[in-house]
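Student: I have a model on my screen and a list of terms. Can we go through what each term rests on?

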Amino acid sequence: MGARDYHAATPIIDGQMIILSGQSVRALKIEKQDDAMAAKEQWSDSDVSTSFNTPVLKEDKVFGLTGQNALFCIDAKSGKTLWTHDLSSGGGGRRGPGGFGSVIDAGPVLMALTPSAELTVFKPDPAEYSEVAKIKVADSPTYAYPAVAGNRIVIKDEQSVALYDLQE
C-alpha cells in the first residue's frame, strides 16, 4: 500500500475471499499456514478504483462506482474488468463531485445514487451496462446511502428525506 492508498469502503467477504477497494480493487484469500492464518493476493485490478463507497458483490461479479463517476463490473473470480460506464456522459455533463455515490443491491436490479441526485437503475449484467431508468430524485446533493425496503426507497439529500414507491 502506498501513502495515498486508503480503504474507506467496507471489505466484501465471500467465503475465504476478502475483496478490498480503494485506489484499486483486489481480492485476498485467507488460508491456514501451519499454526497461523495468512492472506494471499488472488488478483488486483488497477483499472478501476473507488473513493468513499463500497461495491456490491452479486453472482460472482463486483459492481461499483469509481471516483470519476463511472460504474464498473469486475469478475470476482479472475479480477478482470468486464465493463465500465461513465455516468457523466449523455446527461448534460458531470454535476457534483465524483466517487461519493453509492451502489446498492435491490434484488433484480442495482441502483447507483451520485451526489448529482441522479438515481440510476441498471441490470446486474456481466456482459454489458444495461440501464433500466435514470431519475432525478432531489434538488440538492445526495451523499447518504439510499435505503430500499420492498418496493420503497428512502433518499436523503442535504435538505430533506423523501420516500419513493418503486413500480415495475
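**Strands, pairs and sheets**

Tutor: Start with one pair. Strand 7 (residues 70-75) and strand 8 run antiparallel and share five bridges. Keep in mind that this is a predicted model.

Student: What makes strand 7 and strand 8 a pair?

Tutor: Pairing needs at least two bridges between two strands. Strand 7 and strand 8 have five bridges. Therefore they count as a pair.

Student: Which sheet do they belong to, and in what order do its strands lie?

Tutor: An open sheet of four strands, ordered 5-6-7-8, with antiparallel pairing.

Student: Why are strand 5 and strand 8 called edge strands?

Tutor: Strand 5 (56-58) and strand 8 (81-86) each pair on one side only. On average, neighbouring strands in this sheet are turned by 20° against each other, direction ignored.

Student: What holds strands of a sheet together in general?

Tutor: Backbone hydrogen bonds pair them, either parallel or antiparallel.

Student: Where is the open sheet of three strands?

Tutor: Its order is 13-14-15, and its pairing is antiparallel. Strand 13 (147-149) and strand 15 (161-165) are at the edges. Each has a single partner strand, so one side of each lacks a neighbour in the sheet. The twist from one strand to the next averages 20°.

Student: How do you know that strand 14 and strand 15 pair?

Tutor: Count the bridges. Five join strand 14 (residues 152-156) to strand 15, and pairing asks for at least two. R152, for one, has D165 in strand 15 as its bridge partner.

Student: What about the hairpins?

Tutor: Strand 2 (residues 17-21) and strand 3 (residues 25-33) pair antiparallel over five bridges. They form a hairpin with three residues between them. I18 has L28 in strand 3 as its bridge partner.

Student: What joins strand 3 to strand 4?

Tutor: Nine bridges, and strand 4 (residues 36-45) runs antiparallel to strand 3. K29 is opposite K40 in strand 4. Two residues lie between the strands of this hairpin, where D34 has a positive phi near 60°.

Student: How many helices and strands does the protein chain have?

Tutor: Zero helices and 15 strands.

Student: What makes a residue buried, and what share of the protein chain is buried?

Tutor: Its relative accessible area must be under 20%. Of the 168 residues in the protein chain, 45% count as buried.

Note on methods: Residues numbered from 1 in each chain as written. Predicted model: local features only at pLDDT ≥ 70, side-chain atom pairs only at ≥ 80, totals over all residues. Heavy atoms only, no water. Buried < 20%, exposed > 50% of the residue type's maximum accessible area, 1.4 Å probe, protein only. Axes fitted to C-alpha atoms, helices over the stretch in contact; angles between N-to-C directions.
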